[in-house]
Amino acid sequence: MRSRLATVAVAVLLATAAPAAAQDVIDADELVAAAYIGLHGREAGPAEVEYWSRFIDDGVSPGRVIAAIGDSIEHRRNVVTALYGRVLERPPDNAGLAYWSTGLIDFLSADALGLEMLSSEEFYLKAGATDRGFVARLYYTLLNRPPEVAGWDYWSNLMADGVSRRAVAGEFLRSAEGLLQPELSVAGSDPAAGGQGSPEVIRIGLDRDVVPSASAVIVAVDGARLDGSVSGDPDDSSVLVFEASGLVPR
């Protein structure tokens, strides 16, 4: 794959925590059951467990199986619905649910969708249609706390000077305190999700140690899904390394 700069979307759907002992074996049925709870918010039925576990038993990478489970319209709708509830405090309308579910992962990450909602006119109106109200609502929505006076004044003054709502919301999302990641707590990636960079090798930092072979990563570049392999960083067990091998046929 030729090296180039492109807009990268990264979704780490599920990462299995590293086992306490190296000899621990990942059970296929337990992994599928955990994937359904983590991605769909429900228990998998016996037929679903049997169906997906068979792939793992036949030698398919657990990470690829998890990615297939997560790359479903059910999971996409769950993510969109959760963001509507957290940011706009309402369920999604049918048109919005269909529109955002289609674009999720391929064209934008959950953070990017969150930014669209946070900078929307609806969010601004719910905050009282004032800059100070908007900043206060960002604190409550993303940081789960009221604004401190210095921070409230700082961001409000920036907006009074012409800084856009989108720019301010983006800074909140990029802060360590304000991570909004329904897929997983992703500490960061290089290149960053939604940013410009070469997609051949992407390093993804997580908030915990994980088992690379049982972790699912979906990467899209300019809307095109990439195929590739996932490995771990020998020096940091909380980092996944995605190496692209080509485009996924659609």
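A salt bridge here is a side-chain nitrogen of Lys or Arg within 4 Å of a carboxyl oxygen of Asp or Glu, and the structure holds ten of them. The model is predicted, so local features need pLDDT of at least 70 and side-chain atom pairs count only at pLDDT 80 or more, while totals for chains, interfaces and linings use all residues. Residues are numbered from 1 along each chain as its sequence is written, and side-chain values use heavy atoms, with hydrogens and water left out.

**View 1. Arg-42 and Glu-74 meet in a salt bridge.** Their side chains come to 2.7 Å, N to O. Glu-74 lies in helix H4 and Arg-42 in the loop between helix H1 (28–40) and H2, so the pair ties together parts that are 32 residues apart in sequence. Helices here are DSSP runs (H or I, at least four residues), numbered from the N terminus. Glu-74 is partly exposed at 28% relative accessible area, and Arg-42 is partly exposed at 29%. For these labels, buried means under 20% relative accessible area, exposed means over 50%, and partly exposed falls in between (1.4 Å probe, protein chains only). Look for Glu-48 as well: Arg-42, Glu-48 and Glu-74 are linked in a network of salt bridges.

View 2. Arg-54 counts as partly exposed at 42% relative accessibility, whereas Glu-50 counts as exposed at 51%.

**View 3. Arg-132 and Asp-153 join helices H8 and H9.** Their salt bridge spans 3.0 Å, N to O. The partners sit 21 residues apart, and the pair links distant parts of the chain. Both ends are partly exposed: Arg-132 at 35% relative accessibility and Asp-153 at 30%.

**View 4. Tyr-51, Phe-55 and Val-60 form a nonpolar surface patch.** Together they have about 240 Å² of accessible area, computed by the Shrake-Rupley method with a 1.4 Å probe. Patch residues have over 30% relative accessible area and no salt bridge; nonpolar side chains (Val, Leu, Ile, Met, Phe, Trp, Tyr) are joined within 5 Å, and like charges within 9 Å. Phe-55, found in helix H2, counts as partly exposed at 32% relative accessibility.

**View 5. Asp-27, Asp-29, Glu-30, Asp-57 and Asp-58 form a negative surface patch.** Asp-58 lies in the loop between helix H2 (46–57) and helix H3 (62–70), and is exposed, with a relative accessible area of 61%.

**View 6. Glu-89 has a positive phi.** Most residues other than glycine have a negative phi. Phi of Glu-89 is near 55°; this residue is found in the loop between H4 and H5 and is exposed at 55% relative accessible area.

Technical notes:
Helix = DSSP H or I, 4+ residues; strand = E, 2+ residues; numbered from the N terminus. Lys, Arg positive; Asp, Glu negative; His and termini not counted. Charge placed at Lys NZ, Arg CZ, Asp CG, Glu CD.
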